[in-house]
Amino acid sequence: MSIKITLIPGDGIGPEVSRATQKVITASRAPIEWEVVEAGEACIARDGTPLPEYVLETIRRNKVALKGPITTPVGKGFRSVNVSLRQQLQLYANVRHLRNLPNVESRYQGVDIVVVRENTEDLYAGVEHMVGHDAAESIKVITREASERIGRYAFDLARREGRKRVTIVHKANIMKLSDGLFLESVRSVARDYPEIKCDDLIVDALCMNLVQVPEQFDVLVLPNLYGDIVSDLVAGLVGGLGVAPGANIGEMGAVFEAVHGSAPQIAGKNLANPLAMILSGVEMLKYLGFLEEAKRVEKGIEQVLGQRDYITPDLGGKAGTQEMASAIIEAMI
């Protein structure tokens with residue numbers, strides 16, 4: 001029996017990398033049926049919103065979605081579709097498994113870090129207002145419930161994957177109430193996992209340590225804002241956002257996504273690297289229990305990266321988006 005998955009192509013390079021990913025995941029022989037829906041700027045004229053209700057309805061019905069990049073206006077315009085999806089579907093855990101890949105240029109080796117970011121509150125809750133004409137105020141919301149929930153997700157992941165260390169990241173030396181509550185809450189969860197080492201680091205100290213000795217870290221658990229920044233930093237350690245998969249997971253389902261931007265300057269030119277979205281598709285296959293199919297795609301990726309004949313320009317090659325996808329499929333057979 002096939003499983004229906006919602007596919008949101010996105011905009012900019014989104015449709016190109018989505019098409020490439022759809023081909024690769026289909027070629028893995030996983031029994032998946034795709035339901036394609038649109039979200040983003042193109043929907044505003046027709047639906048009056050970048051995130052129509054029918055998009056949310058199809059994800060609620062199918063439980064799993066794969067999403068391409070969607071442009072978010074800076075400083076004006078509509079709120080981030082990505083943030084809205086996470087909040088409205090209560091996808092409380094943002095998970096990025098960031099590791100060195102074969103022949104992907106990096107200053108570091110031996111990096112294999114899972115960043116677990118709380119996804120629903122903190123400054124990203126969007127509670128902000130003007131104070132008079134010349135001041136703006138944003139309210140940082142941290143709750144014990146959400147902090148314990150993300151802490152338990154991080155420790156469950158560590159136990160399930162055989163990882164040995166979870167590091168809690170915070171700024172509790174300055175924000176003693178909000179970040180202090182996050183630190184206290186995750187520490188309380190850690191007591192239920194005695195076999196896993198738990199420590200904590202102030203976020204600025206973490207960033208310094210990451211660029212000095214990143215291979216020392218295993219699982220990082222962070223509030224929303226720090227998690228957003230640090231996950232991009234770790235992506236930079238292993239080759240950039242072009243090789244960074246992303247997952248947003250909640251109790252009722254999950255949305256997997258390429259975490260890079262929509263790169264409108266190269267849209268439609270068959271230049272975009274599809275690897276981040278394909279790797280997100282691999283994480284989706286694992287989530288669905290299709291482990292052999294996921295291994296098949298990973299084998300194809302590693303072979304193509306090793307040969308270097310069919311990789312996109314940002315990875316040092318000359319192939320186009322669809323040519324790289326076709327090469328991965330060929331290597332899977």
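Q: Which helix is V203 found in?
A: V203 is in helix α7. Keep in mind that this is a predicted model.

Q: Is V203 buried or exposed?
A: V203 has a relative accessibility of 13%, so V203 counts as buried; the cut-off for buried is under 20%.

Q: What is V203 in contact with, leaving aside neighbours within four places in sequence?
A: V169, H170, K171, Y226 and V230.

Q: How far apart are V203 and H170 in sequence and in space?
A: The two are 33 residues apart in sequence, and their C-alpha atoms are 5.4 Å apart.

Q: Now the helices. At what angle do α7 and α8 pack?
A: Helix α7, residues 203–212, packs against helix α8, residues 224–237, at about 5°. Their axes are 11 Å apart.

Q: Parallel or antiparallel, then?
A: α7 and α8 are roughly parallel to each other, because angles under 35 degrees count as such.

Q: Which residues make the contact?
A: From α7 they are V203, L206, C207, L210 and V211. From α8 they are Y226, V230, L233, V234 and L237.

Q: What is the accessibility of C198 and C207?
A: C198 has a relative accessible area of 31% and is partly exposed. C207, at 22%, also counts as partly exposed.

Q: On to charges. How many salt bridges does the structure hold?
A: There are 23 salt bridges. In general, side chains of opposite charge can pair when their charged atoms come close.

Q: What does D112 form a salt bridge with?
A: D112 pairs with R163, and the closest N and O atoms are 2.8 Å apart. D112 lies in strand β5 and R163 in the loop between α5 and β8, so the pair ties together parts 51 residues apart in sequence.

Q: Is R163 buried or exposed?
A: R163 is buried, with a relative accessible area of 11%. D112, at 33%, counts as partly exposed.

Q: And R144, which residue does it form a salt bridge with?
A: R144 forms one with E184, with 3.0 Å between the closest N and O atoms. R144 is in helix α5 and E184 in helix α6, so parts that are 40 residues apart in sequence are tied together. R144 is partly exposed at 39%, and E184 is partly exposed at 44%.

Q: Where do R152 and D192 sit?
A: R152 is in helix α5, and D192 is in the loop between α6 and β9, 40 residues apart. Their side chains meet in a salt bridge of 3.1 Å, N to O. R152 is partly exposed at 34%, and D192 is partly exposed at 44%.

Q: Last one: which residues are linked in a network of salt bridges?
A: R99, E283, K286 and E298 are linked in such a network.

Conventions
Residues numbered from 1 in each chain as written. Predicted model: local features only at pLDDT ≥ 70, side-chain atom pairs only at ≥ 80, totals over all residues. Heavy atoms only, no water. Axes fitted to C-alpha atoms, helices over the stretch in contact; angles between N-to-C directions. Helix = DSSP H or I, 4+ residues; strand = E, 2+ residues; numbered from the N terminus. Parallel < 35°, antiparallel > 145°, perpendicular 65-115°, else oblique. Contact = heavy atoms within 4.5 Å. Buried < 20%, exposed > 50% of the residue type's maximum accessible area, 1.4 Å probe, protein only. Salt bridge = Lys/Arg side-chain N within 4 Å of Asp/Glu carboxyl O.
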